[in-house]
Each structure stands twice: as structure tokens, then as C-alpha cells.
Amino acid sequence: LKLQFLYLIDRALPVTMGAETEAAPSAPAAPANAPAPLAKLITLTYNGPVPYPHPAVTAPTPDEQYEQYMKEQADREAKREAELAAEKEKEKSAGGGMFGKLKLAAKVVGSKVQSAGTQFHGTVEQKVRTELREKEQAKWKASFPEQSNAVFVCSYDCKVMHGGAQVSGVMSLSSTHLNFKGLGACESIPLASVLSIQRCVVLPTVHGGPPYILPVPAEHVIPECLQLFTTSRQIYQFLDFPTAQVQYTAQLTSSINGNAFERAYNFIDHTWRAATPVPSPSGEYQPPSH
């Protein structure tokens, strides 16, 4: 097996490319028109303790950020309506003249226009978000029906390392598993089996070889890849999170922070810690970095 190295916490952690399992007894031939079975991901494997998990993400999830944004919009609308009603009552009790009535009428019209614009914007945004989520959830259910008792969280386009090559597909997250389905490969990782999730950077290599992936070397370096270390001594590597969908939804609202990678990591960290103790009591970890 070809030996590779990932440099973690100032020391080398030896890893090897996972080998495919031995062939199982031959099964009955599939129909000629049946789709080819998807392979499990061929990952790196590791020996020794794993990197200590990062501190928990404290920012609300993207869904919670959106809910908070909508609540703030509703509160502002209610405040504006209350102020307008109070001004109407004041004008009525004061018995203002024609100028006062015209001024109040202008405010009423302006408030209605602003309210209609806000409601229209919110309705369109909610409709787009709902349609996207329903489509993503339907794909997850079709791809991973065994997780029918779990709750769908989110999905993101990305790539994963598979036998030294980058494979494009969709990473979907449920309350119990982190999943990937792409070109010729499919994997479902129980969150309870994840010992550590590391934010990493990706460096190109000569002659178009596999990228060199290493942990973020300093706080001011922007991460772009996730490494998952599991109890089965596998290292799953997710990278290249496109920003097209985030850029599209940003045209609707700026209420959600971060790019696609940051949002995905936020969701994963919250869901992982809700599913299992972090760090794992049975895990073997390197000392925390300072």
C-alpha cells in the first residue's frame, strides 16, 4: 500500500490508502438495465490518536439565523403599525387641520407600500427556501431510505476524496448520519462513529496528483475542506463546496452568515454534538492545540 502523511498538531500522523474489501460470493446477475451498484468510498486510514476536536460552534445554525431574521422583520412591522395607529389616534383627538390630515395620509400610504414590499420579499424568499429544502429532502430520502427515522438537516454540493481522486456529488446531513452520493460512489457515516472533525486547507500538487490536505495552520487562514476521523480508523475528506447556491440566496437576504463551507460546517458541528458526546469518551486523542 502506498504510504502518505498528513501533518497534524506539529507531528506526522501516518496514514495509508484504504484497500477494497475482499470480494463477496457472487450474487445472482442483475437485470441488464439495472444501474451499476455504487462503491463505498476508498479513504485514507490512520494509526494512533486523532486530532482533538475544535471548540464547539456557538453561532446559531443557518436555519436559526433565518428564523431570527424573519422574527425581527415581523417585530419591526408590528412596531411600525403600532406607531402609525398611535399617530392616528393623536391626530384624531387633536382635531388637526387639513395639513395634518394630508401629512397623516401620506404616512399611511408610505407605511402600506413599505409593508407590502416587506411581505412580498418575505413570501418569495420563504417560497424559494421551502422549494429548495423539499427537493433536497426528497433526494436524501430516495438515496438513504434506511434513515427514515432520522430528521433531514441540510445538503450541499461538494467533492470527496475517493481512492486518491476527487468525486463530485452531494453531501446530505441527517440527525444520525453524514452521507455522500456522487459519481459511482455512495457512503453513509454514522455521526456516533465520528471521533474528530478537522477544518483543513487544500494545496495543489505537481502533475495533477491528489491534493495535499492539512489542518488549518493558523487562525487567520480560511479553511476549505473537512476531514472526519472515525472509529473505523478512516479519514473522510470533503472539499470544494460551491458557492453558487449561497450567492443566489444572498440576493434574497443577507440574514445568513458565511459561505457554503462555513454553513455546512456549522450544521455538521451542531448536529454531530447533538448526536454523540464530543470528544468521545472512548476516543484516543492528541493533546489539544493552544
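Is Tyr52 buried, partly exposed or exposed, and what is its relative accessible area? Tyr52 is partly exposed, at 33% relative accessible area (buried is under 20%, exposed over 50%, partly exposed in between, with a 1.4 Å probe and protein chains only).

## Basis of the values

The model is predicted: local features need pLDDT of at least 70, side-chain atom pairs count only at pLDDT 80 or more, and totals for chains, interfaces and linings use all residues. Residues are numbered from 1 along each chain as its sequence is written, and side-chain values use heavy atoms, with hydrogens and water left out.

## Aromatic pairs

Six aromatic pairs occur in the structure. Rings of Phe, Tyr and Trp (its six-membered ring) pair if their centres lie within 6.5 Å; planes under 30 degrees apart count as stacked, over 60 as edge-to-face and the rest as tilted.

One of the pairs joins Tyr52 and Tyr285, with ring centres 5.6 Å apart and planes at 65°, so it is edge-to-face. Tyr52 lies in the loop between β3 (44–46) and α1 (62–94), whereas Tyr285 lies in the segment after α4 (260–275), 233 residues apart. Helices (H or I, at least four residues) and strands (E, at least two) are DSSP runs, numbered from the N terminus. Tyr285 is buried, with a relative accessible area of 18%.

The rings of Trp140 and Phe152 also pair, their centres 5.6 Å apart; their planes stand at 40°, so this pair is tilted. Trp140 belongs to helix α2 (residues 98–143) and Phe152 to strand β4 (residues 152–162), 12 residues apart. Trp140 is buried at 4% relative accessible area, and Phe152 is buried at 3%.

## Charge over a ring

Arg129 sits over the face of Tyr66, 3.8 Å from the ring centre. The criterion is NZ of Lys or CZ of Arg within 6 Å of the ring centre and within 35 degrees of the ring normal.
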